[in-house]
Amino acid sequence: MWDVSAGFPRAAISAIVGPNGSGKSTLLKAALGLVPVESGQVMLLGAPLREARRRVAYVPQREDVDWDFPVTVREVVEMGRYPLRGWVRRLRAEDREAVDEALERVGMAALAGRQIGRLSGGQRQRAFIGRALAQQPELLLLDEPFAGIDARTEEAILEVLSGVRDAGGSVILVHHDLTTVRRIADWALLMNVRTVAEGAPDAALTQEALDRAYGAGAGDAIVGASWAG
Amino acid sequence: MGWLIELIPLPYPDAVVALGAALLGLTAGVVGCLAVLAQRSLVGDALAHAALPGIVLAFLFTGAREPETLLAGAACAGLVGAVLMVGIERGSRLPADAAIGVVLSGFFSLGIVLLTHTAHTEGAEQAGLERYLFGQAAGLLERDLRVMAILGAASLLLVAVAFRPLKAMLFDRGFAVASGLGARWLELASTALLVAAIVIGLRMVGAILMVAMLVAPCAAARQVCDRLGPLLVTAGALGAAVGVTGALLSARSDTPAGPVIVLVASAVVAVAVLAAPGRGVAWEARRRLADRRAERGRSVLLDIETAMHAGAPPTERELALMSGRPARDVRRGVGRLVRDGHALVDDGRIRLTAEGAAMAHAALESRALWSAWLDHGALLGLDGREPDPRDVRGSLGDAAADRLVHLSQGDHP
């Protein structure tokens with residue numbers, strides 16, 4: 001990936017879209033220091049990563065995790081409080097309140113005691129987002145939060161994310177489904193290894209920009225040409 | 001440690017062995033969970049094998065015979081092996097398991113070559129270097145116990161202190177890194193803990209089979225524990241029990257300790273995998289059989305209900321024809337219903353008892369609820385609960401179930 005430069009607006013839901021292998025997830029991981037960055041600069045909330053880390057929450061792709069792991073939903077959400085308390089300090093009453101509230105917001109309060117392996121895909125995603133909410137972040141980064149999730153859960157998650165935005169938080173998510181971007185996001189970055197277009201979804205995702213990102217029509221030759229161009 | 005040994009109601013040599021094995025099993029059982037849950041069980045194996053050349057080199061350089069020095073060499077070699085594995089994994093395109101395989105076999109071969117070469121050196125026999133291959137329970141000294149106890153206590157303390165961040169990282173490394181939990185330090189600590197456990201176990205179990213002490217307790221405990229805290233405690237206790245049993249058997253029968261302990265550990269894992277409630281193979285099979293029988297009974301019940309609605313109570317033959325089910329299934333289903341008091345056979349004709357009729361209605365309602373969920377579930381709101389198709393009302397709660405009924409009736413007035 002090279003030459004991706006993008007700014008994301010605050011207090012908005014922004015989507016990163018692009019074809020498979022275009023580096024969407026990598027961009028997110030690079031921003032968080034999960035993959036080495038060769039060159040370039042990442043500013044989160046107007047500060048370098050080191051300073052902003054505590055104010056940023058990350059929701060990885062669900063397959064990145066071992067779901068047979070022996071923890072309950074509540075414990076997973078509680079992990080969102082660990083960075084605030086460090087290795088040894090005890091969790092306080094306010095931590096427990098934050099966990100309760102996060103469980104409530106993602107609708108998992110009734111399942112808090114369940115081992116995570118006994119959850120459906122949608123419930124797992126809710127638990128993950130609950131953990132991020134428990135961090136009470138100003139910026140929420142999500143990697144494909146709507147992949148493999150039914151419409152009901154998608155609606156519920158979208159409602160949670162809108163709530164974050166309406167409270168002044170910023171949300172950036174990697175998304176693969178072009179048909180729903182306009183409904184989900186206020187702002188979009190279209191990329192294919194490099195930035196193709198950015199802006200409000202209607203303005204950025206023009207047919208011309210999509211052709212450049214995905215290749216006009218189909219066929220490797222055309223995709224190759226648009227890369228080179 | 002003397003007082004502790006006197007507390008054990010065994011002859012002195014056996015008491016020393018038992019205590020040593022317990023310390024080893026406890027530490028390795030707990031620490032092994034860190035490797036197993038991170039899906040890196042074989043890292044423990046590689047570290048144990050990598051310890052062998054360290055032992056021989058420590059002997060060659062210092063000429064020392066006492067285990068402290070030799071084990072210090074083992075620890076150094078283990079850490080070098082760990083660094084190499086991480087280096088190969090990060091710096092090359094080799095997958096992790098290949099890196100482990102290369103380091104394991106390379107170090108172990110080096111150890112064997114050095115061992116053979118050293119066999120003729122003066123004092124090699126007294127140092128008992130061969131013992132570190134398969135382990136030996138007999139000949140353990142009180143002094144060895146002190147080293148084991150200190151290392152073990154320090155390891156367990158570290159796990160207890162860093163319990164929360166370790167849990168977060170084992171579950172989701174990406175989260176631990178992204179949220180600045182100090183993932184690098186946690187990984188370093190995990191490796192150091194593994195090396196410590198291996199150092200404790202080398203004399204008793206030996207390099208080749210040490211991995212069993214790390215993996216088996218966790219594997220068995222995982223069958224019965226669904227949370228990390230209880231899992232660590234159970235694995236530690238199991239490890240200690242396995243260690244003591246195996247070491248005593250070995251000391252009495254004059255066989256190498258490693259293989260005997262590992263046989264005991266394997267037996268425990270086998271029992272846990274087969275018979276553990278909720279997760280065991282046997283338990284699963286029984287549940288599946290019970291489910292199948294219950295489903296057959298329910299289907300036949302509904303068939304009878306439908307047939308009674310249409311006309312006279314059916315015979316078994318009519319039921320089979322009508323439902324297209326094999327006659328044998330129908331016979332078994334009816335037999336079960338009769339046994340449970342849900343149906344009566346009267347002159348070859350089957351009718352439902354009052355209880356059976358109520359059951360049939362409940363089953364019908366449950367099916368209707370399930371369709372209602374599929375049609376209207378989205379309208380129930382934000383809650384993440386999802387119904388169990390076998391018991392929709394129970395899993396959703398009465399309030400939600402009633403709303404579903406309401407919604408489906410509103411749809412078809």
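What percentage of the 413 residues of chain B count as buried? The figure is 44%, where buried means 20 or more other C-beta atoms, placed from the backbone, within 10 Å of a residue's own.

This is a predicted model: local features need pLDDT of at least 70, side-chain atom pairs count only at pLDDT 80 or more, and totals for chains, interfaces and linings use all residues. Residues are numbered from 1 along each chain as its sequence is written, while chains are lettered from A and ligands numbered from 1 in the order in which they are written.

Start with chain B. It has 20 helices and two strands; these are DSSP runs numbered from the N terminus, helices being H or I with at least four residues and strands E with at least two. The C-alpha trace spans about 100 × 50 × 40 Å along its principal axes.

Confidence comes next. Mean pLDDT, the predictor's confidence in each residue from 0 to 100, is 87 for chain B. Helix H6 (residues 124-127) of chain B is lowest, at a mean of 70. Helix H12 (residues 210-222) of chain B is highest, at 94. The model scores ipTM 0.82 and pTM 0.83.

Now turn to chain A. The buried residues of its helix H5 (residues 93-105) are A:Ala98, A:Val99, A:Ala102, A:Leu103 and A:Arg105. They cover an arc of only 165° around the axis, so they sit on the same side of H5(A); the arc is that of the directions from the helix axis to the C-beta atoms. On the other side, A:Ala93 and A:Glu97 are exposed, with 12 or fewer such neighbours. After H5(A) comes A:Gly107, with a positive phi near 70°.

Technical notes: The expected span of a helix is 1.5 Å times one less than its number of residues.
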